[in-house]
Amino acid sequence: MTKKIASSLLILLLLIPLSGCWDYRGLDELTIVTGVAIDKKPEEDIYQLTYEIVDLIEPIKEKGPNRKLIESEGKTIFEAVRNAKRRVSNKLYFGHSELIIICEEIARNEDLNVVLDFFIRDSECRETINVVVSQEKTARDIIASEGIGHTVISNEILEILEDDKKITSSILSVELYRLFNIMGAEGKELALPAFHIVQNDGKPTAETNGTAVFKDNKLVGFLSPEESKYFLFIVNEIEGGIFTVASSGQRPDISFEIYNNDTNLSFEYKDEKLKIKIKTTTVVFLGEFMRQFAPLDEKELNALEETAEKELEDKIRNVVKKLQTEFGSDIFGFGNMIYKKDFRLWRQLKDNWDEHFKSLDLEVEADIRIMNTATIK
Amino acid sequence: MLKMPKEAISPSQAFCLLVLFLFGSSALFNINDEVGQDSWISLLLGLVFALPIILLYSRLIKLFPGKDLFEIMKILFGKIAGRALIALMSWYALHLSALVLRNFSEFIKITVMFETPQLAIMIVMLLAIVYMAKSGIETMGRWSLIIMPIVSSVILLTVVLSINKLDINNIRPFMEHSFGAIASNAFRFFSFPFAETVILLCIAGSFKRKESPYKLYMYSSFCGAAVLLIVILRNILLLNTSMGMADFFPSFTAVSVVEAGGFLARVEGSIATNLILAGIVKITACLVAAAKGTASLFGIQNYKSMIFPIAVLSIALSLMIFRNTIQMVDFLDIYPFYAIPFQIIIPLLIWLVGEIKVHRMRAKDSKEIP
């Protein structure tokens, strides 16, 4: 009898823990944040955050999810995040965030490490959030713009970032954990995708616009989309995109579509002189030749390959030159490459790496193979 | 008084038990900030360092088959000195159970359940653990046999899923850190987890006598080291050193980065569960060891009656020992030294005295000892 009473009591006791999780939060209690834009009030030194949230009130069956913007302010990022609760019924939930946009001013004046600490530290945020820099006055401009493919702009931007390296190869998308690694890495500086606003069909639309170059975690300048492509060539992140060449004269008239690319970096250190060797092997299709139609023969094709190789070598040299002279920032990770291959040498170079980087010699060797010329001879 | 029937577990169960014990909580933290990408070398070196002590543990089992550590202590050192040693060892087992419990509750608190108090997490975990401990060592063995392959294959699965994100360059430069740093870190691996298997000597009386303890200890140490090696390499290759070193629980972060084909993402929750399943075995083993120790200390026939009080003590202790997670992780630096008496000195002492005594007994009467 006592056993029966005891067990039924235990069963009753079980009801308490089985009734649900301590941390239970239903979908109706969440405000799902898909993207965050971080700005700063210039006079007051206060962070202004704009969150894009998925609107779950309206039916999403026909049109897909709708979105809304919430804004909040705070002295620190986390305070601003919690301050949002003062104007919205449900707590912000960051588990599905995909995008952080940082305005140019913060990127230029503040250490990125400091600004992003909350997102790295907080366990709700995922390590795979993408970080981009806004070239407009505020980051809010980007997140407030309307997407063409998706109503939720963060999703649109995420897809742009993900597909870019296969289609256009003009930016290098960086997820939060990789960003953190680059910030902590030896001999490597950060490069993030940049976004600006263009008018499309009369509406402001967000578009990628090259690469934001950082030095010591602070923004120092931008590379154009064209320059970014050659930056991607150097860091071996090219998987597609168009590479234009002028067959004769100045104006490019050939478009090569990149099929694949493999870049090999190596270095040579002799008599206190550092030489970086870049060797690219690229397989391309000839996708467009803007001239009066005349069938191509092998000789011509070989000549084209050579022109293209020369062009690529020049462009790669120019990008490196620009970073050496204008920004002095080693976003290619040449230092990191030396560190990985010969950490003893790196320890010698480390302290004056900026000088070494600025004065290093470059040897570029491009190998381009035209695989075919599409459907026309 | 009735004599308790001897519990016995099969060799394969003992093997799984040992392997789970080895990577149970070590799989949580593993990239050391002193040696970064060279952690995996430290692990292998730690295994090498641990081999003599593992052989010593096996020898103890071989010398006194069917006896657990506490019985051996009583035989060798008599009532007073033996009891002192038993008290020391029981303390170590209790402390270790509290440490591991705290590791896991801290892990759950930080990664998944931010608002649940740690006490609640601990109580729920310990209820399952007490139940398993009360059901006996055989249950523990069977549980290990079922759960070890599952846990290991889930770990392997995360490696397979993350294969496109692994970057082999992350383990370069190779041997950047001095041999001294790597070796001192290897010492950490020696004491946590390899030499912690001293706890299992307390329940070694239940291992089947026929099986060679050397083989058992060796194979399971290699296997446990292999699993840990996979975990460490996965974390380094996936996260790189900065992120891996900054994280309290790199395994969790590493898995949260895994994304297979856009649909299989956010598997970290299941990984957390997976690690806890493995961790439960370790806590149970410590708890049983502590219960057996206290039982033999106070001359209680059935150790099972001690399990519940010990579990309550373990909760209280694990709440008290650290104020925050930083302290907990920092303790890992002190732990190897703290554990020396329990992991090296006491077993060594027992072994020396044991060898002499067994030798003498053998000389006196060769029939007594088979």
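What covers the buried residues of helix 10 of chain A? The cover includes helix 8 (225-234), strand 11 (254-270), strand 12 (273-289), helix 9 (298-327), helix 11 (343-349) and helix 12 (353-359) of chain A. Welcome to this structure, and please keep in mind that it is a predicted model. Below is a short tour, starting with the whole chain and ending back at helix 10.

**The chain as a whole**

- Chain A contains twelve helices and 13 strands.
- Along the principal axes, the C-alpha atoms of chain A fill a box of roughly 95 × 60 × 55 Å.
- Chain A has 377 residues, and 50% of them count as buried.
- If we look at contacts in chain A between residues at least 6 apart in sequence, 67% of these join residues at least 24 apart.

**Two domains**

- The domain assignment divides chain A into domain 1 (24-223) and domain 2 (225-377).
- Taken over C-alpha atoms, the centres of domain 1 and domain 2 of chain A are separated by 31 Å.

**Where the domains meet**

- On one side, 25 residues of domain 1 of chain A take part in the contact, and on the other, 27 residues of domain 2 of chain A.
- The size of an interface is often given as the accessible area lost when the parts come together.
- For domain 1 and domain 2 of chain A, the buried area is about 2100 Å², and carbon and sulfur atoms give 59% of it.
- The rule finds four salt bridges across this interface between domain 1 and domain 2 of chain A.
- E186(A) and K350(A) form a salt bridge, with their closest N and O atoms 3.3 Å apart.
- Across the interface of domain 1 and domain 2 of chain A there are also 14 residue pairs in polar contact.

- Helix 6 (153-167), strand 8 (203-215) and strand 9 (218-223) of chain A each supply at least two residues of the side of domain 1 that touches domain 2.
- Strand 8 of chain A gives the largest share of that side, with six residues.
- Sorted by class, the side of domain 1 of chain A that touches domain 2 has eleven nonpolar, eight polar and six charged residues.

**Back to helix 10**

- Helix 10 of chain A spans residues 334-341, and because seven of its eight residues are buried, it is largely enclosed by the rest of the structure.
- The buried residues in helix 10 of chain A are F334(A), G335(A), N336(A), M337(A), I338(A), Y339(A) and K340(A).

Note on methods
Residues numbered from 1 in each chain as written. Chains lettered and ligands numbered in written order. Predicted model: local features only at pLDDT ≥ 70, side-chain atom pairs only at ≥ 80, totals over all residues. Heavy atoms only, no water. Domains from an automatic or database assignment. Contact = heavy atoms within 4.5 Å. Buried area = accessible area lost by both parts, 1.4 Å probe. Salt bridge = Lys/Arg side-chain N within 4 Å of Asp/Glu carboxyl O. Polar contact = N/O pair within 3.5 Å; in protein donor to acceptor, adjacent residues only side chain to side chain. Helix = DSSP H or I, 4+ residues; strand = E, 2+ residues; numbered from the N terminus. Nonpolar A, V, L, I, M, F, W, Y, C, P; charged D, E, K, R; others polar. Buried < 20%, exposed > 50% of the residue type's maximum accessible area, 1.4 Å probe, protein only.
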